[in-house]
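Please find below a colleague's note on the structure under review.

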Amino acid sequence: MGLITFRHRGNFNKTEKFLNKVTKREYLNILDLCGQMGVDALAAATPKDSGRTASSWFYEIERNSNTTSISWLNTNENKGVIIAIILQYGHGTGTGGYVQGQDYINPAMKPVFDKIAEMAWKEVTSS
């Protein structure tokens, strides 16, 4: 069996700083900014008739010991149906017809998700 040798020069200051920053979860501070970016993008992209659905977007951040999540929600309902969802996916009418959905959520949120990934990476890798 061969002998394995490990040598290094310098120190692990940058690695330790990175790991400490990640452990303290300081990067989570950007989530409020990201949440508002998503609200703004969704409000701008939502098809408008009365404007109630567009102005009813909000976000929630949920943190527990192992995970953090951000959710974008909409409170505009009619008879228990969330209007933002039927605008996205379509719906049947009371007279037997069908209203085709319009994919407005995914294109609106793609740049937001890209920006979140960019900001999070920058936050955890900055000195």
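Predicted model: local features only at pLDDT ≥ 70, side-chain atom pairs only at ≥ 80, totals over all residues.

Residues are numbered from 1 along each chain as its sequence is written, and side-chain values use heavy atoms, with hydrogens and water left out.

1. The structure holds 2 salt bridges (a side-chain nitrogen of Lys or Arg within 4 Å of a carboxyl oxygen of Asp or Glu). One joins D114 and K110, at 2.8 Å from N to O. Both residues lie in helix α4 (residues 105-125), 4 residues apart, about one turn of the helix. Helices are DSSP runs of H or I, at least four residues, and strands are runs of E, at least two, numbered from the N terminus.

2. E118 forms a salt bridge with K115, with the closest N and O atoms 3.4 Å apart. These two residues also lie in helix α4, 3 residues apart. E118 counts as partly exposed because its relative accessibility is 49% (buried is under 20%, exposed over 50%, partly exposed in between; 1.4 Å probe, protein chains only).

3. The residues lining the largest pocket divide into 3 nonpolar, 4 polar and 3 charged (Ala, Val, Leu, Ile, Met, Phe, Trp, Tyr, Cys and Pro count as nonpolar, Asp, Glu, Lys and Arg as charged, and the others, Gly among them, as polar). Among the lining residues are K48, D49, R52 and L87. A pocket is an open set of points on a 1 Å grid over the protein atoms alone, where a 1.4 Å probe fits, with protein on both sides within 12 Å along at least five of seven lines; lining residues have an atom within 4 Å of a point.

4. I82 lies in strand β4 (residues 81-82). I82 counts as partly exposed because its relative accessibility is 32%.
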